[in-house]
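Colleague: Could you walk me through reading a few features in a model like this one? I would like the general idea before each case.

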Amino acid sequence: MQEIAYHRPGSLAEALELKQRLGEQARFLAGGTDVMVQAHQKKLGCQAIISLRGLKELRGVRLQGDTLLLGAATTLSQVLADPFISQHLPVLSDAARVMGSTQMRNVATVGGNVMSAAPSGDTLCPLLCLEAVCHLASPEGTRQVAMSEMFLGPRQSAARSGEVLTHLAITLPTAGGRASAGAFLKLSRRAALDLALINLAVQLWLSPDGGSIAKARVAAGVVGPTPLRLAEAEQALTGAAPTADALARAAQSLGNSCNIRDSHRCAAWYREEMLRVLCQRAGARALQRLGIAVEVAA
Ligand SMILES: Cc1cc2nc3c(=O)[nH]c(=O)nc-3n(C[C@H](O)[C@H](O)[C@H](O)COP(=O)(O)OP(=O)(O)OC[C@H]3O[C@@H](n4cnc5c(N)ncnc54)[C@H](O)[C@@H]3O)c2cc1C
């Protein structure tokens with residue numbers, strides 16, 4: 001059996017220095033729910049693990065003005081239990097609720113979900129819709145990457161080797177008293193412990209008089225090599241009255257922005273159909289959270 005050295009640095013600086021010294025033979029570990037699966041499958045391809053678990057720099061959720069700073073090592077259970085997140089960012093709570101199982105959510109982190117960069121990662125579409133910014137640290141300093149720039153391909157993020165994701169910065173959609181709400185839905189074969197066949201998030205902002213949708217963000221996962229913003233749906237919703245008709249038009253516009261393929265888990269035609277259904281249902285749930293009752297046919 002291959003031996004893997006386990007390092008548990010006490011600070012971010014120490015973790016970065018260790019990674020710089022050990023190079024490609026070392027991998028970071030947060031909750032370990034992806035890393036340990038790869039270790040069991042003998043696909044880890046490294047001789048050392050650098051645990052980020054003890055790093056207080058990566059923990060916690062705090063508010064800085066109108067911006068929520070979400071520590072990368074925040075677990076999905078902590079996201080789910082946070083009353084501020086459920087009130088202001090319900091789209092993120094929705095995703096945390098349907099990820100894995102209770103045991104898994106107790107250790108799996110938001111940062112690990114982002115850095116795994118799986119097309120099915122459940123927090124990724126909500127974070128795309130919330131226009132989150134990833135804060136990365138390396139021995140050279142810090143830099144920021146917008147979520148929309150973060151995914152280059154399946155399991156390939158824009159983070160450079162040796163960079164640690166410290167936190168995500170999210171400007172509150174409700175900043176300045178704006179009426180905004182979102183919702184996330186996931187389709188999978190089982191209700192728990194299953195990756196998404198398709199997932200989709202919507203975030204809507206109403207005009208000051210509430211008569212139209214001033215801004216819309218729609219993103220879907222497993223419809224392409226990376227989670228994608230769906231520009232057609234966003235355009236169809238922007239400026240429209242907040243009604244079931246607008247949601248139906250947005251759903252009908254879908255299809256051009258993604259390149260859905262057959263896979264061993266699901267046929268392309270089914271994913272495409274369900275993309276339209278989830279778009280309408282998630283849009284309706286977001287509107288309901290804004291106090292607008294709509295009934296969608298799908
Ligand atoms: C049984 C089971 C069920 C699952 N169900 C779901 C599901 O429903 N939805 C879903 O989206 N995923 C699911 N997953 C996948 C996984 O749990 C998630 O992707 C989880 O969020 C990973 O977080 P983690 O902290 O465990 O990451 P880890 O396994 O610790 O790390 C994942 C990757 O990110 C890197 N990394 C982690 N943190 C950082 C950081 N701060 N900076 C730099 N690099 C970092 C690691 O080096 C590694 O490459 C499931 C996994 C299992 C085993």
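Modeller: Happy to! Let's start with a cut-off: a residue is buried if 20 or more other C-beta atoms lie within 10 Å of its own, exposed if 12 or fewer, and partly exposed in between. Keep in mind that this is a predicted model.

Colleague: How many C-beta neighbours does R155 have, and what class does that give?

Modeller: R155 has 15 C-beta neighbours inside 10 Å, so R155 counts as partly exposed. You will find R155 in the loop between β8 (151-153) and β9 (156-157).

Colleague: And what should I look for in backbone angles?

Modeller: Most residues other than glycine have a negative phi. R155 is not a glycine, yet its phi is positive, about 60°. E131, also not a glycine, has a positive phi of about 55°.

Colleague: Where is E131 found?

Modeller: E131 sits in the loop between α8 (124-129) and β6 (133-138). Its 16 C-beta neighbours inside 10 Å are why E131 counts as partly exposed.

Colleague: Now the ligand. Which residues come nearest?

Modeller: There are 30 residues around the ligand, and G31, D34, G112, N113 and M115 come nearest. Two or more shell residues come from each of β2 (26-29), α2 (35-40), α7 (110-116) and β10 (164-171). With five residues, α7 gives the largest share.

Colleague: What is the make-up of that shell by class?

Modeller: Around the ligand there are 16 nonpolar, eleven polar and three charged residues. Domain 1 (5-51) and domain 2 (57-171) each supply at least three residues of this shell.

Terms used: Residues are numbered from 1 along each chain as its sequence is written. This is a predicted model: local features need pLDDT of at least 70, side-chain atom pairs count only at pLDDT 80 or more; totals for chains, interfaces and linings use all residues. A residue is near a molecule or strand if its C-beta atom, placed from the backbone, lies within 6 Å of it. Helices (H or I, at least four residues) and strands (E, at least two) are DSSP runs, numbered from the N terminus. Ala, Val, Leu, Ile, Met, Phe, Trp, Tyr, Cys and Pro count as nonpolar, Asp, Glu, Lys and Arg as charged, and the others, Gly among them, as polar. Domain bounds come from an automatic or database domain assignment.
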